[in-house]
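Below is a report on the fold of one protein chain.

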Amino acid sequence: MINKIFGLLVIATVVFACTQDVVETNNKADLTNLQEALTSFEVDNGEFRPKGIVRDCKAMDVLSDKLKQNPSLANKLAVIEKHTQDAISYKKGGNGGGKPGSGGGGGGTDPTPVAGVINIPVVVHVVYANNLENISESQIASQIAVLNQDFNATNSDLNPPAAFAGVVADSDFNFVLDQVIRKQGDRTTWGTSDAVKSFSPVVSPDKKLNIWVAQIGGGILGYAQFPGGSPSTDGVVVSPQFFGNTGYVSAPYDGGRTMTHEVGHYLNLRHIWGDGRCNRDDFVSDTPTSDRPNYGCPSSVTHCRSLDMHMNYMDYVEDDCMFMFTEGQKERMRALFAVGGARESMVQ
Ligand SMILES: [Zn+2]
């Protein structure tokens with residue numbers, strides 16, 4: 001009996017000692033992580049961000065401002081979201097199919113998906129304050145080339161990990177340079193108030209993607225307007241040094257991926273982490289949930305109990321470290337061009 005009790009005490013002590021070791025080891029790891037975080041991060045506007053220039057896209061902030069200014073925009077976005085889900089269900093269900101309750105199913109108003117390549121004419125407004133910002137034709141051509149590679153999965157750096165190899169999408173968009181408008185601006189930075197779009201007015205937004213290449217300032221790489229907003233401000237704004245992959249470009253955002261990301265927003269994609277906690281979604285089923293953006297060039301990251309798809313164009317990693325859209329994102333983007341979709345008028 002005594003031996004048994006002694007034995008139990010020994011076991012208990014060993015277990016406790018092991019547990020304590022683990023706890024201490026974890027604490028050390030936490031401390032190391034914390035120290036790393038404190039030296040490599042800084043507080044910016046009340047948020048922890050990595051130090052130095054990091055990807056900073058203002059599409060969601062601009063959307064939030066526009067929703068405050070114009071509450072009826074929320075209804076428009078809801079209608080587009082409903083149509084998007086209907087179009088995706090319809091495609092999955094085939095002709096005459098559709099998910100129950102989708103509003104489709106043979107009523108004659110099903111959002112028929114578009115087959116094949118979707119051509120998108122591009123108008124580039126170069127609004128400059130100096131010669132550097134008056135970017136070259138070859139820099140503009142390099143951006144169009146990157147968009148075509150990235151939206152057709154022909155980019156040479158496409159190298160998905162096994163977990164995501166099955167969902168890589170060729171989205172079948174063809175971007176064609178339509179015209180370049182050059183205007184010397186009357187200010188050095190334009191912010192995110194859309195003033196640049198008043199200075200160089202939008203051209204045929206129902207038919208063409210408008211891109212304003214102008215210095216935004218404040219370390220902001222770019223911002224896009226989501227489908228459903230005012231036609232007069234429809235399009236994407238990007239700072240010149242993050243546009244294209246040759247000429248006046250700035251590493252590590254010198255691969256043209258800022259535009260790939262922003263055109264993703266223009267085509268209704270949300271950030272891969274859903275701009276919220278684990279339960280906030282990006283409305284795409286084959287992108288894992290996450291609760292934060294990834295920065296730099298991570299190798300493997302787990303959040304919300306699953307691997308992050310940090311190599312997706314809709315995360316915040318560096319240009320060289322993002323290389324894919326998913327099938328779910330492709331369906332979401334292409335739904336806009338289906339019958340009744342927010343960008344149906346662009347289909348030629
Ligand atoms: Zn963004």
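How many of the 5 residues of strand β5 (residues 209-213) are buried? The count is 5 of the 5, so β5 is largely enclosed by the rest of the structure. Here buried means that 20 or more other C-beta atoms lie within 10 Å of a residue's own; exposed means 12 or fewer, partly exposed lies in between, and C-beta atoms are placed from the backbone.

This is a predicted model: local features need pLDDT of at least 70, side-chain atom pairs count only at pLDDT 80 or more, and totals for chains, interfaces and linings use all residues. Residues are numbered from 1 along each chain as its sequence is written.

**Overall make-up**

The protein has 348 residues, and 39% of them are buried. Its secondary structure comes to 7 helices and 9 strands. Helices (H or I, at least four residues) and strands (E, at least two) are DSSP runs, numbered from the N terminus. Take the contacts between residues at least 6 apart in sequence: 65% join residues at least 24 apart. A contact requires C-beta atoms, placed from the backbone, within 7 Å.

**The sheet**

Five strands form an open sheet in the order β4-β3-β5-β7-β6, with mixed pairing. β4 and β6 (222-224) are the edge strands, each pairing on one side only. Neighbouring strands are turned by 15° against each other on average, direction ignored. Axes are lines fitted to C-alpha atoms, for helices over the stretch in contact; angles run from 0 to 180 degrees between N-to-C directions. Helix α6 packs on the sheet and touches β5, β6 and β7. The direction of α6 makes about 160° with that of β7.

β5 pairs with β3 in the parallel sense over 5 bridges. β5 also runs parallel to β7 (residues 236-238), joined by 3 bridges. Two strands count as paired if DSSP finds at least two bridges between them. Trp 212 of β5 is the bridge partner of His 125. Trp 212 also stands opposite Val 237 in β7. Ile 211 has Val 236 of β7 as its bridge partner.

Both faces of β5 are covered. Leu 209, Ile 211 and Val 213 are buried on one side, Asn 210 and Trp 212 on the other.

**The core**

The largest nonpolar core has 67 residues. Those with the most contacts inside it are Ile 211, Val 213, Ala 214, Val 236, Val 237 and Val 238. Strand β3 (residues 118-128) gives the most to this core, with 7 residues. Such a core is a set of buried Ala, Val, Leu, Ile, Met, Phe, Trp, Tyr and Cys residues joined through C-beta atoms within 7 Å. Leaving aside residues up to four places away in sequence, Val 238 touches Ile 211, Val 213, Leu 221, Gly 222, Phe 243, Thr 258, Met 259 and Glu 262.

Helix α4 (residues 137-150) begins with Glu 137. Its 14 residues should span 20 Å at 1.5 Å a residue, and its end C-alpha atoms are 20 Å apart, which agrees. The expected span is 1.5 Å times one less than the number of residues. The buried residues of α4 are Gln 139, Ile 140, Ser 142, Gln 143, Val 146, Leu 147 and Asp 150. Seen down the axis, they fall within an arc of 155°, so they line one face of the helix. That arc is taken over the directions from the helix axis to the C-beta atoms. Their cover includes β3, β4 (173-184) and α6 (257-266).

The face turned away carries the exposed residues Glu 137 and Ser 138. Glu 137 counts as exposed because it has 12 C-beta neighbours inside 10 Å. The C-alpha atoms of Glu 137 and Gly 247 are separated by 9.6 Å, at 110 residues apart along the chain.

Helix α7 (residues 327-335) has 7 of its 9 residues buried, so it is largely enclosed by the rest of the structure. Gln 329, Lys 330, Glu 331, Arg 332, Met 333, Arg 334 and Ala 335 are the buried ones.

**Backbone details**

A cis peptide bond joins Ala 251 and Pro 252, with omega about 5°. Pro 252 sits in the loop between β7 and α6.

Methods: Contact = placed C-beta atoms within 7 Å.
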